[in-house]
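Hi,

Here is the structure I said I would pass on. Have a look at it first, and my notes follow below.

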Amino acid sequence: MIKISTPSLLSLALALAFAAGPGQALAQRGGGGFSFGSYPQQTGEELYKGVCQGCHMPDAKGAKGGSSAGYPALAGNKKLGSKLYPVLVVMRGQKAMPDFSSFSDAQIANVVNYVRSNFGNSYTDPVTAEDVKKMRPSQGATGPGVRPGA
Ligand code: HEC
């Protein structure tokens with residue numbers, strides 16, 4: 001099981017201090033009433049820097065893994081053109097990527113909007129917390145245990 005450590009307040013503060021944010025998440029704090037998972041970060045940028053960049057790298061260009069397939073780039077990744085694809089990957093996990101189903105609907109929407117509108121990606125159709133909610137297995141949209149591409 002891969003453990004993701006939450007960053008220290010210092011590194012979070014540093015990350016925020018250096019954040020260049022023309023494309024801040026489009027749907028920050030949308031949806032209201034979100035339940036907190038084990039991740040305190042709420043905006044897409046905070047979540048990316050606190051959770052995703054450890055694998056996908058700060059520039060989202062990914063990394064080559066030793067014996068594994070490595071971490072794919074999210075920068076310029078055409079698969080993000082479909083907004084539901086990254087939602088599913090984050091919610092369900094995919095192969096070597098753990099799932100972040102404990103994120104609230106708003107957290108998933110925010111981080112997906114962040115990667116879809118940064119790193120050279122400029123998709124303008126934001127995901128809403130409502131979209132995410134509909135894709136939760138408990139909503140019956142898709143069967144449990146279905147993992148995209150797995
Ligand atoms: C522990 C490392 C790790 C973390 C943390 C992680 N990922 Fe991933 N991610 C991966 C790996 C490995 C893959 C490739 C999975 C595969 O082989 O299909 C991947 C794939 C993806 C894909 C699909 C890319 C493609 O081309 O199919 C997206 C989108 C994605 N991650 C987004 C995120 C977001 C957003 C976060 C933060 C919430 C995140 N990842 C956190 C390891 C990670």
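This is a predicted model: local features need pLDDT of at least 70, side-chain atom pairs count only at pLDDT 80 or more; totals for chains, interfaces and linings use all residues.

**Around the ligand**

In total, 26 residues surround the ligand, and the closest are C52, C55, K95, A96 and M97. Helices α2 (44-56), α3 (84-92) and α4 (105-116) each put at least two residues into that shell. Sorted by class, the shell holds 19 nonpolar, 5 polar and 2 charged residues.

**Overall layout**

Of its 150 residues, 31% are buried. If you take the contacts between residues at least 6 apart in sequence, 63% of them join residues at least 24 apart.

**The core and α4**

Nonpolar side chains tend to be buried together in soluble globular proteins. Here the largest nonpolar core has 24 residues, and V87, V90, I108, A109, V111, V112 and V115 touch the most other members. The elements giving two or more residues to this core are α2, α3, α4 and α5 (129-135), with α4 giving the most, at 7 residues.

Helix α4 is worth a look on your screen. Its 12 residues reach 16 Å from first C-alpha to last, close to the 16 Å expected at 1.5 Å a residue. How many of the residues of α4 are buried? The count is 12 of 12, and that includes D105, N110 and R116 as well as I108 and V112. Among the elements covering the buried residues of α4 are α2, α3 and α5.

Beyond its neighbours within four places in sequence, V87 is in contact with I108, V112, V127, D131, V132 and M135.

Mean pLDDT for the protein is 79, and 65% of the residues reach 70 or more. Confidence is highest in α4, with a mean of 98, and lowest in helix α1 (residues 9-17), with a mean of 45. Over residues 12-36 pLDDT stays under 50, and the model has 45 contacts beyond four places in sequence for that stretch.

Cheers

Methods
Residues are numbered from 1 along each chain as its sequence is written. A residue is near a molecule or strand if its C-beta atom, placed from the backbone, lies within 6 Å of it. Helices (H or I, at least four residues) and strands (E, at least two) are DSSP runs, numbered from the N terminus. Ala, Val, Leu, Ile, Met, Phe, Trp, Tyr, Cys and Pro count as nonpolar, Asp, Glu, Lys and Arg as charged, and the others, Gly among them, as polar. A nonpolar core is a set of buried Ala, Val, Leu, Ile, Met, Phe, Trp, Tyr and Cys residues joined through C-beta atoms within 7 Å. A residue is buried if 20 or more other C-beta atoms lie within 10 Å of its own, exposed if 12 or fewer, and partly exposed in between; C-beta atoms are placed from the backbone. Two residues are in contact if their C-beta atoms, placed from the backbone, lie within 7 Å. pLDDT is the predictor's confidence in each residue, from 0 to 100. The expected span of a helix is 1.5 Å times one less than its number of residues.
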